[in-house]
6 protein chains.
Amino acid sequence: MSKLLWINPFGNDGSDQSIYAYLAPQLASDTVLRVTALPRGPEHVEYHYYESLILLDLLHTIKRAENDGFDAAVIGCFYDPGLREAREITERMVVTAPAEASMHIAGTLGHTFSIIVGRNKWIPQMHENVVKYGFRDRLASFKSVDLGVYDFMKDLNETNRRLTAAAREAVEQDRAEVIILGCTAQLGFFRELQELLGVPVIDVAVASLKYAEFLADLQKRLHWGHSKKYGYESPPIAEIESWKLAEQYQLGDLWKR
Amino acid sequence: MSKLLWINPFGNDGSDQSIYAYLAPQLASDTVLRVTALPRGPEHVEYHYYESLILLDLLHTIKRAENDGFDAAVIGCFYDPGLREAREITERMVVTAPAEASMHIAGTLGHTFSIIVGRNKWIPQMHENVVKYGFRDRLASFKSVDLGVYDFMKDLNETNRRLTAAAREAVEQDRAEVIILGCTAQLGFFRELQELLGVPVIDVAVASLKYAEFLADLQKRLHWGHSKKYGYESPPIAEIESWKLAEQYQLGDLWKR
Amino acid sequence: MSKLLWINPFGNDGSDQSIYAYLAPQLASDTVLRVTALPRGPEHVEYHYYESLILLDLLHTIKRAENDGFDAAVIGCFYDPGLREAREITERMVVTAPAEASMHIAGTLGHTFSIIVGRNKWIPQMHENVVKYGFRDRLASFKSVDLGVYDFMKDLNETNRRLTAAAREAVEQDRAEVIILGCTAQLGFFRELQELLGVPVIDVAVASLKYAEFLADLQKRLHWGHSKKYGYESPPIAEIESWKLAEQYQLGDLWKR
Amino acid sequence: MSKLLWINPFGNDGSDQSIYAYLAPQLASDTVLRVTALPRGPEHVEYHYYESLILLDLLHTIKRAENDGFDAAVIGCFYDPGLREAREITERMVVTAPAEASMHIAGTLGHTFSIIVGRNKWIPQMHENVVKYGFRDRLASFKSVDLGVYDFMKDLNETNRRLTAAAREAVEQDRAEVIILGCTAQLGFFRELQELLGVPVIDVAVASLKYAEFLADLQKRLHWGHSKKYGYESPPIAEIESWKLAEQYQLGDLWKR
Amino acid sequence: MSKLLWINPFGNDGSDQSIYAYLAPQLASDTVLRVTALPRGPEHVEYHYYESLILLDLLHTIKRAENDGFDAAVIGCFYDPGLREAREITERMVVTAPAEASMHIAGTLGHTFSIIVGRNKWIPQMHENVVKYGFRDRLASFKSVDLGVYDFMKDLNETNRRLTAAAREAVEQDRAEVIILGCTAQLGFFRELQELLGVPVIDVAVASLKYAEFLADLQKRLHWGHSKKYGYESPPIAEIESWKLAEQYQLGDLWKR
Amino acid sequence: MSKLLWINPFGNDGSDQSIYAYLAPQLASDTVLRVTALPRGPEHVEYHYYESLILLDLLHTIKRAENDGFDAAVIGCFYDPGLREAREITERMVVTAPAEASMHIAGTLGHTFSIIVGRNKWIPQMHENVVKYGFRDRLASFKSVDLGVYDFMKDLNETNRRLTAAAREAVEQDRAEVIILGCTAQLGFFRELQELLGVPVIDVAVASLKYAEFLADLQKRLHWGHSKKYGYESPPIAEIESWKLAEQYQLGDLWKR
């Protein structure tokens, strides 16, 4: 049995239940899922400042989940905020995020993929992730539909129309073999779209959930977790304690051994 | 339930049972595994000519497995021979192979990895796969232990000694965070090695088996299979029939609609 | 004197004579050319499965040619199928193919080139060759004219019109300095096109023929042939014999020492 | 006149005065410098978790400096933490950091450079910055001297000995033309080292200070500041207010218009 | 105090005064600027042959400037002709040029930039510089306005119209965050353009002047000049003398010690 | 019949005859070779300044050769000085140079190659050529033997010893499949070396001669010469005349139509 935590990395828990309802049917029978938002924060993380605002609460939520016996955590935003840091502070739990997970899957399913984003603003940081994860030469294009995170659900027909137009252009002009819907708020559009276009369309929320389940299984069976050598080496508890970081940042017993 | 086929891409079925015994414990409870070798062929595929000799039998075994209702196939050689072609001729089944699977996993577990190979001979083609899959900048190094495929099992102590020395050098000098044992004949060494070195050591047979299971699950639940647009577009049955390819190559009813 | 073998890598020998007639005038006075198709096979190799079908017959044709004293072989398809394997199994003969040859020439004649292909399907594998041969940053674009291999010769006016439009767009919009007609079935169009557009237009059949002649000359004079160290190291005859590969694959005396 | 803020991104203000004393002599006559540490935090930021801990205080210090009329800010750590975010939240002020600044300078002074770091742990994130800033092909090597941030000043002779040995190896074996001392704690070693080795040795604290001064001058004279289009587009104040982020995070009047 | 030399690398000194008048207001109060053209040569250097014609006079002007105590030289052409050679023959003086300087600045101000050039002819060599300086992945696009060097000043309205159209397209379609006006003859357009488009628009003449001033300051304060190890190692005077190069090329006392 | 010009790009014609004698046996029976040095210049071109000194004389020698009916020119230095410019000013003649020619050949003969150079000084510019020609990922290593151009022939045994040691290390440690002797002064060593090491060893003088012959043949038969579109577009004669460049640079009737 695996225990997974999905974190909506913003301070609005209004969507936790609907996300749980959306994700739960995709789980293996022995996977337990919990969905949580953060105790505070902006309502979306389109701006990098907003990512910064939620970063610590996100990391501490993840560390606490590890303390509580969770096997895997998913950071529910396509910027993959805090992914490196989360892997550094955890010791046994695996952590993944939508961009990493969906690019690995898309790179297996086709030679090239396009990423449909909401706004051009998002592209520079997301492009850095494409490069970092190794998929620069697989990227057919970024396509923007000119919608903010919260616009996706305002007029579903209009959203669907724009996503379809952008994805079709990606397939026909940019020769994308796979489409990635590059925002966890683009929920529920992929099935209709992939039937229409005849190429796999990756829902990044589902993709990262399944990838987390996969990684948790590898960790349990084979002890293949994040390497603690070099980049993900954890900070020493002794240092954390001697600097009284728990007091400085009101972390309670988070780092108690 | 998923049905998986592991193919030993050579003509020696002597190892089918031991490979089955090795892999089976790693499967999900509802996965069924079959292990098969080919009806003829060289006894290993270190040389690219040998890969060519087994290619058609491999592809037809895979196509027949799809016809027989298998959900996934794994090509059991770290050269990933025939991976592109297998994805082209199948319509529903997913296909993976050790290099692809283990690099995706290693790229998730650490920033860099090294691949321990048997002989320098193998490296040029494997390096092309590293580049093709997107991991050129993640590759810390290739290390050769100067052992042919069938040498690995001759003197297990010596093999272990060489793998350990090469992996240690990769971690300490080349700063690899993850080790990939780059041959499906390097079976069973990973556990001891990863405990010794303190970094994940990927057994590529197990990695590709689990990746196949993961992909089969995605295909079943979400219809995320290999894109049939462009690169993996299947050849038209009408053409295959009109050219009498089944007769020319003694394929029986393989391509019967 | 050099003896060259041009291999049409498909089972239709109907075009052997016309290809001979097309190529022969371009040879040096002391070059002897033979053109051959394969004993069986699909009629074109647009699909990678078809490449697989012809691969062994192709390789054995090449090895037999070496045994028969040929100096060079050209694999007559722009996918360059079996190029690596052919170089591995030969010891003295040089082998080349259209994509490799024409990209080396185009890269010398201009800063950038575009490749005009028949169908989008072809591009992923061809793009891998572009990367493998080192010309990714020289590639201005791929252009597809939406014609299958056998469509090129159906309506020559229409083919010419489409090639011209695609090539012009490549030059004017993508700033290609050289055009490569990326299919050995695009025979005979280059002269008119290059006069019209004012840039070199590479006929890939002629390009590979001349490159083969060049390589054969280097081999004869200077012993610069394919390196037999590492990647192209030949399989050991002893192994081929002990595994009875000749019997298993009906190869006769091909591998007799 | 330019007003510069140097931020020691950790909670230990013990070094503010010595850093001021070290940097001040390098300033233009009309530049005013202030050095500040953060109100709380770990004592160094070797671990990415520590970077996360200080990130918000760092960003708010920068935003407040802009509100207070500063022209430029320097983030005093070679990881360049928060650089992207700082540029997003500021409107007029320029922001730079040691890795960016020193690589631009080193890339101008020589064809290649090596970066001397304290510990291997640092390299993966720093390597990502090398790639992001465009200097992957200029990087001769990373060299680790196996010293933590606070070890540099413990035994100056030993530190000097190790830096010299690493830098010499970088020049002689890796053919580095320039050396970057990749930590703001490697203060004061560069002069002796560059005299000894005969290549420029970049002190990253001084380099970033001077680069900040340069950028501030460009901003003042020419209005060349960070582009607010796309990646660095600032979050809308209206959103910040409507979500009561100032209250949630105790930011006072930081975002008051 | 720094002494800067701006060299118009062509034989037409008609523009020296206007360039001086254009550049002088941007200098620091203690910088002295001299602007000079060459004693002979073509009137522009659009063709690489013209670059060759002026190369020696350019280099000797630079060497003589060093002998005369100048601190920095700027080669006033966006091809950056002779930059490597100039750094090789100088010992203390720093040398820079418009492409290098403006790309470093643009790469700091935004994630991506586009370069507006006069003619497509210019792009191949300029693209090589983009790659050489490390900015290939930062380049959003080259845009040509189809104007030769001397056309820029013929009809200022038309020039402005074309630059605006090209820059706007670069920002909106190619997602450039910064614009570089890629010719030192595109003087004076940047201010209006950057106000109109809302992104930084780099005037490459001013950019290189300021970068030279910056480098000269680093050299004076910190002895960070061009590395004389390997690539920029100067030719030995003894060799120059023993081959009587001064006599062969009428260099007078240029190389006198 | 093809007329080839080999240019020793320095002012010492002492070696013209020996180079002719060395190269002539490698020519096709209908190729006519002329070898020439320049009328003045340094005795070698190890320094980029020396390349600059000879550049104009080199280009004018090439242009005059075209006027005189030569079919191809080879620039006899592994820096490939003036290659771009020479292709710009010629209209029908093909031009090549040792680095370009030998890398194309080496890239065809093996997966990777190493370049043995005289001094580390040479590497930065040569590395730029490796990248420009597309072979960065094929380059196994540069190896320096610490010998200047004129040292190669001083003590042939010592030179041979050093070349052998460097080449062996390249093959065994860096896994080079082909060796390039990266200087036209490393004449005559390749045969013994390739026999000893069992890999092709490219003599760059012979390689470029044969490549020139090959290109000249393509030009004659197929009109595949350097593209005159964009990068190699020739300067307009009208401009050359109106600026009196012939008078300014004492070019006589070189540019007379």
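This dialogue walks through how to read several features of a predicted model, chain by chain.

Visitor: How many helices and strands does chain A have?

Guide: Helices (H or I, at least four residues) and strands (E, at least two) are DSSP runs, numbered from the N terminus. Chain A has 10 helices and 8 strands.

Visitor: What is the radius of gyration of chain A?

Guide: The radius of gyration is taken over C-alpha atoms, and the globule rule is 2.2 Å times the number of residues to the power 0.38. For 257 residues a compact globule would have a value near 18 Å, and chain A agrees with this because its own value is 18 Å. The C-alpha trace of chain A spans about 60 × 40 × 35 Å along its principal axes. A residue is called buried if 20 or more other C-beta atoms lie within 10 Å of its own, exposed if 12 or fewer, and partly exposed in between, with C-beta atoms placed from the backbone; by that rule 61% of the 257 residues of chain A are buried.

Visitor: Which strand order does the open sheet of chain E have?

Guide: Strands of a sheet pair through backbone hydrogen bonds, either parallel or antiparallel. Two strands are taken to pair if DSSP finds at least two bridges between them. In chain E, an open sheet of 4 strands has the order β6-β5-β7-β8, with parallel pairing. Its edges are β6 (139-144) and β8 (201-203) of chain E, each with a single partner strand, so one side of each is left without a neighbour in the sheet. Strand β7 (residues 178-181) of chain E is joined to β8(E) by 3 bridges, and E:I179 has E:V201 in β8(E) as its bridge partner.

Visitor: Which helices lie against β7 and β8 of chain E?

Guide: Two residues are in contact if their C-beta atoms, placed from the backbone, lie within 7 Å. Axes are lines fitted to C-alpha atoms, for helices over the stretch in contact, and angles run from 0 to 180 degrees between N-to-C directions. Helix α4 (residues 98-109) of chain E packs on the sheet and touches β5 (113-117), β7 and β8 of chain E, its direction making about 170° with that of β7(E). Helix α8 (residues 204-222) of chain E lies across β7 and β8 of chain E, at about 70° to β8(E).

Visitor: Is strand β1 of chain D buried or exposed?

Guide: In β1 (residues 2-8) of chain D, 6 of the 7 residues are buried, so this strand is largely enclosed by the rest of the structure. It runs parallel to strand β2 (residues 31-37) of chain D, to which 7 bridges join β1(D), and D:K3 stands opposite D:V32 in β2(D).

Visitor: What do the buried residues of α5(D) pack against?

Guide: Helix α5 (residues 123-133) of chain D has buried residues including D:I123, D:M126 and D:Y133. The buried residues of α5(D) pack against α5 (123-133) of chain A, together with α4 (98-109), β5 (113-117) and β6 (139-144) of chain D. Just after α5(D), D:G134 takes a positive phi of about 100°.

Visitor: Where is D:Y230 found?

Guide: D:Y230 sits in the loop between α8 (204-222) and α9 (237-242) of chain D. Although D:Y230 is not a glycine, its phi is positive, at about 70°, and D:Y230 is buried, with 20 other C-beta atoms within 10 Å.

Visitor: What rotation superposes chain C on chain F?

Guide: Two copies of a chain are related by a rotation about an axis and a shift along it. Copies are superposed by least squares on the C-alpha atoms of residues with pLDDT of at least 70 in both. Chain C is superposed on chain F by a rotation of 180° with 0.0 Å of shift along its axis (RMSD 0.0 Å), and the two copies are thus related as by a two-fold rotation axis. Of the residues of chain C, C:G134 comes closest to the rotation axis, at 2.3 Å (C-alpha).

Conventions. Residues numbered from 1 in each chain as written. Chains lettered and ligands numbered in written order. Predicted model: local features only at pLDDT ≥ 70, side-chain atom pairs only at ≥ 80, totals over all residues.
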